[in-house]
Amino acid sequence: MSRGEHDRGMRAVERVRSVRERDSRLGLQQAAAEQARHQARLDDLERRLAESSQWSEGDTWTYLALRGSLLALGETIADAGATLAASSRITAAARSHWTQDKTRLSAVESLLERRALARQAARRRAEARELDDIAAQLWSRGRGAAAGATSEEAVAG
């Protein structure tokens with residue numbers, strides 16, 4: 001039997017598991033990239049907050065305008081933090097799915113490999129058995145020919 005005829009059903013399972021693993025890996029990569037974008041946005045907002053000017057003097061309207069912009073920036077930072085936290089949970093879930101899919105694929109690949117090794121060992125045992133039979137036949141023919149030669153010598157002598 002050729003390699004393709006063995007474990008046809010398990011090969012189909014392997015293909016399905018492989019597709020699922022690849023899809024979940026791509027999903028994890030996408031989630032991680034999205035999380036990195038959210039982290040970069042939050043870092044940028046926090047940098048802007050740290051670099052913002054402090055009110056030291058001026059009229060009340062300047063103070064109120066600065067205070068309003070800082071409050072708005074603070075709300076934006078809080079929203080960005082919440083978005084980052086949600087993105088982190090999505091990335092963790094995607095990593096969990098990928099790990100599970102990868103483990104399932106590895107299990108199928110391992111099973112197929114063990115089955116192939118078992119078939120190979122069985123093939124070697126069958127070949128060894130066949131070679132032993134051939135050797136025994138040759139040995140028995142050799143003894144029979146030697147016995148026949150001995151009986152011819154006894155008759156001639």
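Predicted model: local features only at pLDDT ≥ 70, side-chain atom pairs only at ≥ 80, totals over all residues.
Biologist: How many helices and how many strands does the secondary structure of the chain hold?

Modeller: The chain has 157 residues. Helix 1 covers residues 8–51, and helix 2 covers residues 60–156. The secondary structure therefore comes to two helices and zero strands.

Biologist: What distance separates the end C-alpha atoms of helix 1, and what span should its residues give?

Modeller: Helix 1 has 44 residues, and at 1.5 Å a residue these should span 64 Å. The end C-alpha atoms agree with that expectation, being apart by 64 Å.

Biologist: What share of the residues of the chain counts as buried?

Modeller: A residue is buried when its relative accessible area is under 20%. The chain exposes about 11800 Å², of which carbon and sulfur atoms supply 55%. Of the 157 residues, the share that counts as buried is 15%.

Biologist: Which residues make up the largest nonpolar core?

Modeller: In soluble globular proteins, nonpolar side chains tend to be buried together. Helix 1 includes Leu 42 and Leu 45 among its buried residues. The largest nonpolar core has six residues in all: Leu 42, Leu 45, Leu 73, Ile 77, Ala 80 and Leu 84.

Biologist: Which element gives the largest share of this core?

Modeller: The core of Leu 42, Leu 45, Leu 73, Ile 77, Ala 80 and Leu 84 takes two or more residues from each of helix 1 and helix 2. The largest share, four residues, comes from helix 2.

Biologist: With which residues is Leu 45 in contact, leaving aside its neighbours within four places in sequence?

Modeller: Leu 45 is one of the buried residues of helix 1. Contact requires heavy atoms within 4.5 Å. By that rule, and with those neighbours left aside, the partners of Leu 45 are Leu 73, Thr 76, Ile 77 and Ala 80.

Biologist: Which residues are linked with Asp 7 in a network of salt bridges?

Modeller: Side chains of opposite charge can pair when their charged atoms come close. The count for this model comes to eight salt bridges. In the network, Asp 7 is linked with Arg 115 and Arg 119.

Biologist: What separation in helical turns lies between Arg 47 and Glu 51?

Modeller: These two residues form a salt bridge, and their closest N and O atoms are 2.9 Å apart. Arg 47 is partly exposed at 39% relative accessibility, whereas Glu 51 is exposed at 55%. Because Arg 47 and Glu 51 are four residues apart in helix 1, the separation is about one helical turn.

How values were computed: Residues numbered from 1 in each chain as written. Heavy atoms only, no water. Buried < 20%, exposed > 50% of the residue type's maximum accessible area, 1.4 Å probe, protein only. Areas by Shrake-Rupley, 256 points an atom, 1.4 Å probe, with all protein chains shown as cover. Expected span 1.5 Å × (residues − 1). Salt bridge = Lys/Arg side-chain N within 4 Å of Asp/Glu carboxyl O. Core = buried A, V, L, I, M, F, W, Y, C linked by side-chain atoms within 4.5 Å.
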